[in-house]
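New notebook page, new structure. I want to look up a few things and jot them down as I go.

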Amino acid sequence: MAPAIATRRAALLVWGSTLVVPFFFLALAGTARCRDGCPAPPATLFWISVAVSALAVTLSRLLPPRLPPFLAGREAAVFARLLLAWALCEAGAIFPLVAWIVSRDPRLIGVFGADLLALVLLYPSDPRWESLAPSQDPASGRIR
(Lines give C-alpha, C1' and ligand atoms only; values in the text may rest on other atoms or scores of the structure.)
Protein backbone atom coordinates (compact mmCIF):
# COMPACT_ATOMS: atom_id res chain seq x y z
CA MET A 1 0.00 0.00 0.00
CA ALA A 2 1.40 3.39 -0.96
CA PRO A 3 2.25 5.73 1.96
CA ALA A 4 -0.19 8.36 0.69
CA ILE A 5 -3.08 5.86 0.68
CA ALA A 6 -2.15 4.57 4.14
CA THR A 7 -2.02 8.13 5.47
CA ARG A 8 -5.42 8.90 3.96
CA ARG A 9 -6.92 5.76 5.52
CA ALA A 10 -5.44 6.67 8.90
CA ALA A 11 -6.88 10.18 8.53
CA LEU A 12 -10.31 8.72 7.79
CA LEU A 13 -10.15 6.53 10.91
CA VAL A 14 -9.10 9.44 13.13
CA TRP A 15 -11.85 11.65 11.68
CA GLY A 16 -14.39 8.91 12.34
CA SER A 17 -13.28 8.48 15.92
CA THR A 18 -13.40 12.23 16.61
CA LEU A 19 -16.92 12.19 15.24
CA VAL A 20 -18.05 9.26 17.42
CA VAL A 21 -16.49 10.29 20.76
CA PRO A 22 -18.82 13.28 21.35
CA PHE A 23 -21.81 10.97 20.95
CA PHE A 24 -20.43 8.67 23.65
CA PHE A 25 -19.92 11.73 25.82
CA LEU A 26 -23.49 12.84 25.08
CA ALA A 27 -24.79 9.47 26.25
CA LEU A 28 -22.71 9.74 29.42
CA ALA A 29 -23.84 13.32 30.03
CA GLY A 30 -27.46 12.25 29.61
CA THR A 31 -27.13 9.75 32.43
CA ALA A 32 -25.37 12.13 34.84
CA ARG A 33 -27.58 13.24 37.67
CA CYS A 34 -27.07 15.98 40.21
CA ARG A 35 -27.50 15.09 43.84
CA ASP A 36 -29.44 17.35 46.17
CA GLY A 37 -30.75 19.34 43.21
CA CYS A 38 -28.70 21.26 40.70
CA PRO A 39 -28.45 24.97 41.18
CA ALA A 40 -29.40 26.77 38.01
CA PRO A 41 -26.30 28.49 36.63
CA PRO A 42 -26.60 31.94 35.14
CA ALA A 43 -27.96 32.20 31.61
CA THR A 44 -24.53 33.37 30.56
CA LEU A 45 -23.39 29.73 30.54
CA PHE A 46 -25.26 29.27 27.26
CA TRP A 47 -23.62 32.34 25.71
CA ILE A 48 -20.19 31.30 26.94
CA SER A 49 -20.75 27.93 25.24
CA VAL A 50 -21.78 29.68 22.03
CA ALA A 51 -18.66 31.88 22.16
CA VAL A 52 -16.32 28.95 22.90
CA SER A 53 -17.88 26.89 20.13
CA ALA A 54 -17.68 29.73 17.61
CA LEU A 55 -14.04 30.31 18.51
CA ALA A 56 -13.19 26.60 18.21
CA VAL A 57 -14.88 26.27 14.81
CA THR A 58 -13.25 29.46 13.53
CA LEU A 59 -9.81 28.33 14.69
CA SER A 60 -10.39 24.90 13.13
CA ARG A 61 -10.62 26.63 9.76
CA LEU A 62 -7.92 29.29 10.22
CA LEU A 63 -5.07 27.54 12.05
CA PRO A 64 -4.45 24.29 10.12
CA PRO A 65 -3.34 25.92 6.84
CA ARG A 66 -0.85 27.97 8.86
CA LEU A 67 1.08 24.88 9.98
CA PRO A 68 4.34 24.81 8.03
CA PRO A 69 5.22 21.91 5.72
CA PHE A 70 6.68 18.87 7.51
CA LEU A 71 9.96 17.19 6.71
CA ALA A 72 8.00 13.93 6.85
CA GLY A 73 6.33 14.97 3.61
CA ARG A 74 3.17 16.31 2.09
CA GLU A 75 0.81 13.60 3.37
CA ALA A 76 2.03 13.98 6.95
CA ALA A 77 1.47 17.73 6.79
CA VAL A 78 -2.09 17.33 5.50
CA PHE A 79 -2.86 14.71 8.12
CA ALA A 80 -1.54 16.92 10.93
CA ARG A 81 -3.52 19.89 9.64
CA LEU A 82 -6.72 17.84 9.56
CA LEU A 83 -6.01 16.42 13.00
CA LEU A 84 -5.67 19.93 14.42
CA ALA A 85 -8.96 20.99 12.84
CA TRP A 86 -10.78 17.89 14.11
CA ALA A 87 -9.42 18.33 17.64
CA LEU A 88 -10.61 21.93 17.75
CA CYS A 89 -14.11 20.97 16.58
CA GLU A 90 -14.31 18.12 19.05
CA ALA A 91 -13.24 20.38 21.90
CA GLY A 92 -15.90 22.84 20.84
CA ALA A 93 -18.48 20.02 20.92
CA ILE A 94 -17.47 18.77 24.36
CA PHE A 95 -17.74 22.17 26.07
CA PRO A 96 -21.53 22.61 25.60
CA LEU A 97 -22.07 19.04 26.77
CA VAL A 98 -20.27 19.76 30.02
CA ALA A 99 -22.35 22.93 30.38
CA TRP A 100 -25.46 20.83 29.70
CA ILE A 101 -24.54 18.46 32.54
CA VAL A 102 -24.53 21.43 34.88
CA SER A 103 -27.52 23.36 33.59
CA ARG A 104 -29.71 20.95 31.58
CA ASP A 105 -30.40 23.87 29.23
CA PRO A 106 -31.68 22.15 26.05
CA ARG A 107 -30.27 24.95 23.86
CA LEU A 108 -26.81 23.59 24.63
CA ILE A 109 -27.62 20.43 22.67
CA GLY A 110 -28.17 22.71 19.68
CA VAL A 111 -24.73 24.25 20.20
CA PHE A 112 -23.32 20.72 20.41
CA GLY A 113 -25.08 19.89 17.14
CA ALA A 114 -23.56 22.91 15.40
CA ASP A 115 -20.08 21.89 16.56
CA LEU A 116 -20.66 18.35 15.40
CA LEU A 117 -21.81 19.62 12.00
CA ALA A 118 -18.57 21.61 11.73
CA LEU A 119 -16.68 18.37 12.41
CA VAL A 120 -18.73 16.43 9.85
CA LEU A 121 -17.94 19.08 7.25
CA LEU A 122 -14.23 18.43 7.79
CA TYR A 123 -14.53 14.98 6.23
CA PRO A 124 -11.16 14.18 4.59
CA SER A 125 -12.47 14.23 1.02
CA ASP A 126 -10.16 14.58 -1.96
CA PRO A 127 -10.85 18.33 -2.36
CA ARG A 128 -10.33 18.98 1.37
CA TRP A 129 -7.13 16.93 1.34
CA GLU A 130 -5.77 18.92 -1.59
CA SER A 131 -6.84 22.25 -0.09
CA LEU A 132 -4.72 21.55 2.99
CA ALA A 133 -1.67 20.30 1.12
CA PRO A 134 1.41 22.48 1.62
CA SER A 135 2.60 24.44 -1.36
CA GLN A 136 6.17 23.33 -0.72
CA ASP A 137 7.46 19.85 0.01
CA PRO A 138 10.41 20.36 2.40
CA ALA A 139 11.71 16.83 1.74
CA SER A 140 12.29 17.59 -1.94
CA GLY A 141 12.74 21.35 -1.69
CA ARG A 142 10.33 21.86 -4.57
CA ILE A 143 7.53 24.37 -4.61
CA ARG A 144 4.28 23.16 -6.13
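Entry 1, a serine to begin with. I'm working from a predicted model. I picked Ser 60 and found its side chain joined to the side chain of Arg 61 by a polar contact of 2.8 Å. Where does Ser 60 sit? I looked it up: Ser 60 is in helix α2, which covers residues 44-62. Is Ser 60 buried or exposed? Its relative accessibility is 2%, and buried means under 20%, so Ser 60 counts as buried. I then checked what Ser 60 touches, leaving out residues up to four places away in sequence, and wrote down Ala 85, Leu 88, Cys 89 and Leu 122.

Entry 2, stepping back. I counted up the secondary structure: five helices and two strands. Going along the sequence, I read the pattern as α-α-α-α-α-β-β. The protein has 144 residues, and 33% of them count as buried.

In soluble globular proteins, nonpolar side chains tend to be buried together. With that in mind I went looking for cores. The largest nonpolar core has 19 residues, and Val 78, Leu 82, Trp 86, Leu 119 and Trp 129 have the most contacts inside it. Helices α1 (3-31), α3 (74-103) and α4 (107-120) each supply at least two residues of this core. Which helix gives the largest share? I got α3, with eight residues.

I took a closer look at Leu 119. Leaving aside its neighbours within four places in sequence, Leu 119 is in contact with Trp 15, Thr 18, Leu 19, Trp 86 and Cys 89. I also found a second, separate core of seven residues, which includes Ala 29, Leu 45, Trp 100 and Leu 108.

Entry 4, charged pairs. Side chains of opposite charge can pair when their charged atoms come close. How many salt bridges does the structure hold? I have four on my list.

I started with Arg 8 and Asp 126, whose side chains meet in a salt bridge at 2.6 Å, N to O. Arg 8 lies in helix α1 and Asp 126 in helix α5 (residues 126-131), so this pair ties together parts that are 118 residues apart in sequence. I checked the cover on both ends: Arg 8 counts as partly exposed at 23% relative accessibility, while Asp 126 counts as exposed at 52%.

Next I looked at Arg 74 and Glu 130, which form a salt bridge with the closest N and O atoms 2.4 Å apart. Arg 74 is in helix α3 and Glu 130 is in helix α5, so the pair ties together parts 56 residues apart in sequence. Glu 130 is partly exposed, with a relative accessible area of 40%. I also noted that Arg 74, Glu 75 and Glu 130 are linked in a network of salt bridges.

Asp 105 counts as buried at 17% relative accessibility, whereas Arg 107 is partly exposed with a relative accessible area of 41%.

Methods: Residues numbered from 1 in each chain as written. Predicted model: local features only at pLDDT ≥ 70, side-chain atom pairs only at ≥ 80, totals over all residues. Heavy atoms only, no water. Helix = DSSP H or I, 4+ residues; strand = E, 2+ residues; numbered from the N terminus. Buried < 20%, exposed > 50% of the residue type's maximum accessible area, 1.4 Å probe, protein only. Polar contact = N/O pair within 3.5 Å; in protein donor to acceptor, adjacent residues only side chain to side chain. Contact = heavy atoms within 4.5 Å. Core = buried A, V, L, I, M, F, W, Y, C linked by side-chain atoms within 4.5 Å.
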